[in-house]
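Subject: Structure handover

Hello,

Here is the structure for your files. Please open it alongside this message, as the notes below refer to it.

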Amino acid sequence: MMLFDDTEIFSSGRGGKRIFDVPDADLLLIDNFFSKEESDYYYNVLYHGTHWREYEMPMYDKVVTAPRMISWYGQTNRPERKSDPNWPTELLQIRERVAKETQIHFNAVLLNLYRDGGDGVGWHSDKTSSSNKNMNIASVTFGETRLFRLRHKTLKHIPPIEIPLHHGTFLLMAGSTNTYWEHQVPKTARDVLPRINLTFRQVKEA
């Protein structure tokens, strides 16, 4: 029998609001974007109520199962996304808060579930076709704190950026960030609880 709920030990972070002064990027970080109570609620609703699925991805000369689970919501006709146009109330509430902060309308969201430290994502830039000239990606985290890393694709003298994304943290990667920077969520040998990450996007419908 569990003696406590996972959410009791999730850290909300105390970094406040930060704008990163780095080349070719428009990066905004807000800790406690959602309160601890709100974050606990959304974590439990999304963890238990989302239809999570595994998916396969190409890696070198073979196809492998990605080390995380996903779910797509959005108004898109692209069948490979297997997206659901019927957004749950909670996702609409989160999107509204994100839109109020960014003044950007997002029509799709990718949910990632990192089940434990063995789940992660390697270095990449998002390939989703954007309806906007610049690919604006708004990220919200609920659950375990995981490290988020960014590195410039060509300016190797710029040190990589490491950002702990906490329970209820918001991160906006706007402008040319996705064009010039790669990002990853590394795996960890630590015994960590699940993390849910939402990335809101502006995708082309066809």
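Predicted model: local features only at pLDDT ≥ 70, side-chain atom pairs only at ≥ 80, totals over all residues.

Four strands make up an open sheet, ordered E7-E12-E9-E10, and their pairing is antiparallel. At its edges are strand E7 (121-124) and strand E10 (161-165), each of which pairs on one side only. On average, neighbouring strands in this sheet are turned by 15 degrees against each other, direction ignored. Strand E12 spans residues 181-185 and pairs with E7 in the antiparallel sense over two bridges. If you want a place to look, His-124 has His-183 in E12 as its bridge partner.

The salt bridges

Eight salt bridges turn up in a search of the whole structure. Three of them are described here, with the exposure of their partners.

Lys-17 is paired with Glu-101, and the closest N and O atoms are 3.5 Å apart. These two residues come from distant parts of the chain: Lys-17 sits in strand E1 (residues 17-20) and Glu-101 in helix H2 (residues 89-102), 84 residues apart. Lys-17 is exposed, at a relative accessible area of 57%, while Glu-101 is partly exposed at 30%.

Arg-115 and Glu-54 also meet through their side chains, at 3.7 Å from N to O. Here too the pair links distant parts of the chain, 61 residues apart. Arg-115 lies in the loop between strand E6 (108-114) and E7, and Glu-54 in the loop between helix H1 (36-49) and strand E3 (56-59). Both ends are partly exposed: Arg-115 has a relative accessibility of 31%, and Glu-54 has a relative accessible area of 48%.

In the salt bridge between Asp-126 and Arg-201, the closest N and O atoms are 3.2 Å apart. Asp-126 is in the loop between E7 and strand E8 (137-143), and Arg-201 is in strand E13 (residues 195-201), so the pair ties together parts that are 75 residues apart in sequence. Are the two partners buried or exposed? Asp-126 is buried, with a relative accessible area of 11%, and Arg-201 also counts as buried, at 7% relative accessibility. Both count as buried because the cut-off for that class is under 20% relative accessible area.

Regards

Key:
Residues numbered from 1 in each chain as written. Heavy atoms only, no water. Pairing = 2+ DSSP bridges. Axes fitted to C-alpha atoms, helices over the stretch in contact; angles between N-to-C directions. Salt bridge = Lys/Arg side-chain N within 4 Å of Asp/Glu carboxyl O. Buried < 20%, exposed > 50% of the residue type's maximum accessible area, 1.4 Å probe, protein only.
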